[in-house]
Amino acid sequence: MSFVNPSKVISCSAFGLIFGATTCLAATPSDEQLQAVVKNAVAPVMQQQHIPGLAVAITLNGQAHYFNYGVAAKDTGQAVSENTLFEVGSVSKTYTATLAGYAQATGKLDLSTQASQLWPQLKGSAFDHISVLQLGTYSAGGLPLQFPAEADSTDKMLGYYQHWKPDYPAGSHRLYSNPSLGLFGYLTAKSLGQPFDQAMSETLLPKLGLQHTYLQVPASEEKLYAQGYDKNDQPVRVSPGALDAEAYGIKTSAADLLRYVQANLKPAGLEQPLQQAIANTHTGYYSVGDMTQGLGWERYAYPISLDKLQNGNSTPMAMQAHKATWLTPPQSEPANVLYNKTGATGGFGAYVAFVPSKDLGIVILANKNYPNAERVKIAHEIFSQLTE
């Protein structure tokens, strides 16, 4: 675990709240103080939610800090580390969006294209009138959260899309959806002329310098793959489904996911098309309440209250349709915003958040699916201590 960059000064009031300090702590918090901030936020949640293992990674002024708790698997007792591989569920959608942003930046993909133009088998369906952008922003007209069980396979999904009928005019409502974002990724790969898995694993991930991020965990890395646990504390891992790679297929470590966050915070070191790709994902297209929808990422004005951030990541936000108020033109990254994304599979829960103006980001990975509100609370509490 590294020491805090000495250029960062934590507010005296924040540390006074934690440590009871009546005078300002000299300069910068020690490693032990930073560890205490994280532990105070994490420990009660781990206990209440019966989380076997949890990894927190923080980037602060470009410096990485790792905090690991519990076990990656109950049967072996192997300790969690920053290299433990976790399923990150829908955080995968931000990688898919970045691939789309890359296809955009390299002139291969126009988000205004109708879906059926990229996949001719969809001609004559509702997708004659639904754009790639609407799929990437969950505004196709009411695609559901999950595929119906009878359509949740690669060989059945085309028939599902061909017969699907929208509940709302395209673009009018947001309804969070794996079939929507999954198809967005599938069409992105078509525009690149490669299968999605190949485009992600051989193009995007290497270009981002992510060497421990996988759609399929290789045999050589299996020993690092955490065991997930369901609500009954039974071991479980993600199972195959239609467009699973595109919507929820990433497995990665806290260290590699933090590198990805750092790329989003400071993309200047990347090749130009990737810089543009990240800017494309940070672009806001419409708002629902306090949340502005980007590609993959969801953003909020910062600072933000805990209630507002929890509301934006709530069950109603994920399960219900909400009228979208489009930004015309789309809005590039404002000065003070927080980007975030939750993700879960049956046995894992993830949360990522970052604030570019503060050069601050956090990754929280657990081998149990626990409520979003608790994940957001951990991050919000830590951010509150690290910003004035």
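The model is predicted: local features need pLDDT of at least 70, side-chain atom pairs count only at pLDDT 80 or more, and totals for chains, interfaces and linings use all residues. Residues are numbered from 1 along each chain as its sequence is written, and side-chain values use heavy atoms, with hydrogens and water left out.

**Exercise 1. The surroundings of Ser 92**

Task: Determine where Ser 92 lies, whether it counts as buried or exposed, and which residues it touches.

Solution. 
Step 1. Ser 92 lies in helix H3. Helices (H or I, at least four residues) and strands (E, at least two) are DSSP runs, numbered from the N terminus.
Step 2. Ser 92 has 1% relative accessibility and therefore counts as buried. Buried means under 20% relative accessible area, exposed over 50%, and partly exposed in between (1.4 Å probe, protein chains only).
Step 3. Not counting residues up to four places away in sequence, Ser 92 touches Glu 246, Ala 247, Tyr 248, Gly 249 and Ile 250. Contact means heavy atoms within 4.5 Å.

**Exercise 2. The packing of H3 and H11**

Task: Describe how helix H3 and helix H11 pack, and state which residues make the contact.

Solution. 
Step 1. Two packed helices are described by the angle between their axes and the distance between the axes.
Step 2. For H3 (residues 92-105) and H11 (residues 272-282), the angle is about 120° and the axes are 7 Å apart. Axes are lines fitted to C-alpha atoms, for helices over the stretch in contact, and angles run from 0 to 180 degrees between N-to-C directions.
Step 3. H3 and H11 are therefore oblique to each other. Angles under 35 degrees count as roughly parallel, over 145 as roughly antiparallel, 65 to 115 as roughly perpendicular and the rest as oblique.
Step 4. From H3, the contact involves Ala 97, Thr 98, Gly 101, Tyr 102, Gln 104 and Ala 105; from H11, it involves Pro 273, Leu 274, Gln 276, Ala 277, Ile 278, Asn 280 and Thr 281.
Step 5. Sorted by class, this contact of H3 with H11 has seven nonpolar, six polar and no charged residues. Ala, Val, Leu, Ile, Met, Phe, Trp, Tyr, Cys and Pro count as nonpolar, Asp, Glu, Lys and Arg as charged, and the others, Gly among them, as polar.

**Exercise 3. The packing of H2 and H14**

Task: State at what angle the axes of H2 and H14 cross, and which residues meet.

Solution. 
Step 1. The axes of H2 (residues 31-49) and H14 (residues 372-386) come within 10 Å and cross at roughly 165°.
Step 2. H2 is therefore roughly antiparallel to H14.
Step 3. Leu 34, Val 37, Val 38, Asn 40, Ala 41, Val 42, Val 45, Gln 48 and Gln 49 of H2 meet Glu 374, Ile 378, Glu 381, Ile 382, Gln 385 and Leu 386 of H14.
Step 4. By class, the contact of H2 with H14 has nine nonpolar, four polar and two charged residues.

**Exercise 4. Backbone geometry**

Solution. 
Step 1. Most residues other than glycine have a negative phi, and most peptide bonds are trans.
Step 2. Pro 303 is placed in the loop between strand E11 (298-301) and helix H12 (306-312).
Step 3. Asp 359 is found in the loop between strand E15 (348-355) and strand E16 (360-366), and at 13% relative accessibility Asp 359 counts as buried.
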